[in-house]
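Trainee: I would like to go through the labels on this model. Please set each value against its cut-off.

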Amino acid sequence: LEQIKNSQKGTFSIKNASKSSIFSKNDDEKIVDDSLQNESRNDALIFGTMVHKLMENIIKCKDVILDDSLCENIVNEYGMSSYKDKLVSIKNTIYGGGFEQSSGIDNDILKLAKSANALTEVPFSYKDGNKIVNGNIDLILEFADKIVIVDYKTDVNEKDHDNQLKCYENAVINSGMDVGKKIKTYIYNIKKWGNLWKKRKK
């Protein structure tokens, strides 16, 4: 959603770096496979929201292995009980070492989070010229010498999201938490989501 206003009157152009939809209670960013047909997109958005909630809970409770009731609670909240097995599969993959990555980030995102100060679903807003940029960052990992920004995606071309990652990097810089630290940004691709969706559509 982009809202254009006259900056000479003291207002700004508002642009959101994260994808959002009416299905999110907190305007959370969604995992969306842009190759899906329009008739599938709403279900994809809802499922993406559920996967985000799953990842948020896993990282927040990183020192505890959560059971399948987490997945059941999430799907029941959104009235999507048929997706429980898919969430369980993703959860088990994360606990089992994660999904194979090509962006340079460690496959084992949980192990990485355990070694850092992990912040999940971090809201941001900053001024960029005559614009206010806002959104949510899925995961920020703060180490002694660097900050790692992680954005969850599914079967997508990671280069398609360079601008989005740049917004996240700028948000961290504007927060001041990067003083004396390098910033690295990564897509964490939950690839099994695409395979699970294809199986469901058959």
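Mentor: Start with the disulfide: a pair of cysteine sulfur atoms within 2.5 Å. The structure holds zero disulfides. The model is predicted, so local features need pLDDT of at least 70 and side-chain atom pairs pLDDT 80 or more, while totals for chains, interfaces and linings use all residues. Residues are numbered from 1 along each chain as its sequence is written, and side-chain values use heavy atoms, without hydrogens and water.

Trainee: Why is C61 called partly exposed?

Mentor: Buried means under 20% relative accessible area, exposed means over 50%, and partly exposed is in between (1.4 Å probe, protein chains only). C61 has 29% relative accessibility, so C61 counts as partly exposed.

Trainee: What makes C167 buried?

Mentor: Its relative accessible area of 14%. That value falls under 20%, so the label is buried.

Trainee: How many aromatic pairs does the whole structure have?

Mentor: Three. Rings of Phe, Tyr and Trp (its six-membered ring) pair if their centres lie within 6.5 Å; planes under 30 degrees apart count as stacked, over 60 as edge-to-face and the rest as tilted.

Trainee: Why is the pair of F47 and Y83 called tilted?

Mentor: The centres are 5.0 Å apart, and the planes meet at 35 degrees, so the pair is tilted. F47 sits in helix α1 (residues 38–60), and Y83 in the loop between α2 (69–77) and α3 (84–95), so the pair ties together parts 36 residues apart in sequence. Helices here are DSSP runs (H or I, at least four residues), as are strands (E, at least two), numbered from the N terminus. F47 is buried at 0% relative accessibility, and Y83 is buried at 1%.

Trainee: What makes F124 and Y126 a stacked pair?

Mentor: They are 6.1 Å centre to centre, with 25 degrees between the planes. Ring pairs also link F124, Y126 and Y168 into a cluster.

Trainee: How do you know that K86 lies over the face of Y83?

Mentor: The test asks for NZ of Lys or CZ of Arg within 6 Å of the ring centre and within 35 degrees of the ring normal. K86 lies over the face of Y83 at 5.4 Å from the ring centre. K146 lies over the face of F143, at 5.3 Å.

Trainee: Which residues have the most contacts inside the largest nonpolar core?

Mentor: Among them are M50, L87, L141 and Y188, in a core of 36 residues. A core joins buried Ala, Val, Leu, Ile, Met, Phe, Trp, Tyr and Cys residues through side-chain atoms within 4.5 Å. Helix α1 gives the most, with eight residues.
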